[in-house]
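Subject: A structure for you to explore

Hi there,

Here is the structure I promised to pass on to you. Have a look around in it first, and then read my notes below.

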Amino acid sequence: MKKYIFITTPIYYVNAKPHIGHAYTTIVCDVYARFCKMMGYNVKFSTGTDEHGKKVEQSAINNGQTPQQFADEISTLFKDLLPILNISNDDFIRTTESRHTKTVKYFWKKLLDAGYIYLGQYEGWYDIRNEAYFSENELIDGKSPLGGEVTYMTEPCYFFKLSVFRDKLLKYYEEHPDFIFPISRKNEIISFIKQGLSDLAISRTTFSWGISVPNDPKHVVYVWLDALTNYLTVNGYPENEDQNEDPYWQNVVHFVGKEIVRFHALYWVAFLMAVGIKPPKQVVSHGWWLSEGQKMSKSLGNVQDPYKYCKVFGSDALRYYMLRELSFGADGNFSKESFIKRYNSVLADSYGNLCNRVLTFIQKYCDGVISRPETLTNDDTAFYTSVLEEINLCPQLMHEYSFSKYLEKLEHSITLANQYLDIQKPWTLKVSNKNRMKAILYTCLENIYKITKLLYPVMPIASEKFIRILNIEPEFKYNQNEKLPNNITLGKIKILFPKINNDDIDVYTTV
Ligand code: ME8
């Protein structure tokens, strides 16, 4: 039976231009989505923008625009970035779309009808940047635990009976040990719940930029309830009401940054439980990127611009760097210097040069035509085996979100191929033993082909380019026994990753 998976990015706030942090989550999801397709899954993959709330309203006012104009502009920047990063999403949702308003209102009524909403009064410290209330004892040095400035506010608001979900949530985590990834984040959530769960304020009256509460338009729906519901909108709710029977909903994987695990693994799960919809399969969280060792900020002028990286180095290189450099789950440092270093040493010198060496040799000394050899030497067999030992580990590593290790295995396989060539020295056999020379080249090409197919989820453009040079119609389906066709006639050879000799490249966003 065909497997289904629904992969989501967070929907990004439209209060600032996209930077490499946003690009990262979207790239990770795309890599995973392409990998799942390769493994034969039916994949639904969504991303989008989170456009309501006080923060967006304020940014719009500061910019002299209406919230809608402001949201339209920034949302377009996020949307336009997708083809630049080569993202294969199926949907781009904006929370200001009517399809979403309808879902949120319907979902609200469901919560109300189920008896989980009541009207009360909220008093507390509001963190505008993170759109969340905190109690006095949660503040750290006068700021919210998420680091934002806080203002004391009091307002009538609707509450969601979150407190009654305490035991159900804990039981859910226990019965689904892989629900929160990595385990350290799961422990944080569990200890947060064990400290006591208060009911959650889910409406606001101090601003109007949001979806109005059904039958009480003075209130707008809390931006996180609004935002989280985007996942249901994308999956066709409420028309497709029985999500528990929907094949994609059985296997929803939310990729998020570590700071919003709580919203996805706790609030979202409780909301869904309240209306009887099955919680997501997994919340997968990653760490934060620093830029040149510091938090990215406009005032420091160190906000790394994904557009500029793609323009200069290509999207494959950005995708490769981000997945390879950061050990998924941990924090990491993004620097232009390490980017160029990895680009040159791995993509240009190791992989790109290997491909180019073998292809131009075949072109020059075999007229571009090569066939499977009848016999293999022990060295050839040993080479095949050592590459297989590496690449056969790749699918499991991807399933564990060990993206960096996945690439490490492929890099090691590329090194093995380079070593094989250096030892076999086909260039010394041009006259003395042409058959052996061709056997070496075919063996090397077949292994490069296998490696390249696994590089596809991360570097789809280079992967496809290489396969087209072999005159093969690219088809990316995983096959453990992948083989190169017996007869290959090369097409036009192209350089995959030209070396970068100049590091005087502007990579920062201009405001
Ligand atoms: O939180 N390093 O939106 P947001 C790594 N609208 N990832 C980063 C990052 C960094 N420096 N900066 C941002 C919101 N991200 C809500 C989400 S979902 C229903 C609503 C990524 O614009 C990371 O995925 O603040 C993080 O979780 C997300 O962008 C936050 O985006």
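The shell around the ligand takes its largest share, 4 residues, from strand E1. Helices (H or I, at least four residues) and strands (E, at least two) are DSSP runs, numbered from the N terminus.

Before you go on, please note that this is a predicted model, in which local features need pLDDT of at least 70, side-chain atom pairs count only at pLDDT 80 or more, and totals for chains, interfaces and linings use all residues. Residues are numbered from 1 along each chain as its sequence is written, and side-chain values use heavy atoms, with hydrogens and water left out.

Which residues come nearest to the ligand? Of the 23 around it, they are Ile11, Thr25, Asp50, Glu259 and Trp289; a residue counts as near if one of its heavy atoms lies within 4 Å. A polar backbone atom of Ile11 is 2.8 Å from a nitrogen atom of the ligand, and one of Trp289 is 2.9 Å from a ligand nitrogen atom. Gly257 has a backbone N or O atom 2.9 Å from an oxygen atom of the ligand. On its own the ligand has 670 Å² of accessible area, and the protein covers 90% of that (Shrake-Rupley method, 1.4 Å probe).

Now for the interior. In soluble globular proteins, nonpolar side chains tend to be buried together. A nonpolar core is a set of buried Ala, Val, Leu, Ile, Met, Phe, Trp, Tyr and Cys residues joined through side-chain atoms within 4.5 Å, where buried means under 20% relative accessible area (1.4 Å probe, protein chains only). The largest such core has 110 residues, and Phe466 is among those with the most contacts inside it. Helix H12 (residues 336-365) gives this core its largest share, 13 residues. Apart from it lies another core of 63 residues, including Leu111 and Phe263.

Leaving out residues up to four places away in sequence, Phe466 touches Tyr351, Cys355 and Leu359, among others; contact means heavy atoms within 4.5 Å.

Finally, look at Tyr320 in helix H11 (residues 315-325). Why does Tyr320 count as buried? Because its relative accessibility is 2%. Beyond its neighbours within four places in sequence, its contacts include Arg342, Leu407 and Met459.

Enjoy exploring!

Notes: Buried < 20%, exposed > 50% of the residue type's maximum accessible area, 1.4 Å probe, protein only. Polar contact = N/O pair within 3.5 Å; in protein donor to acceptor, adjacent residues only side chain to side chain.
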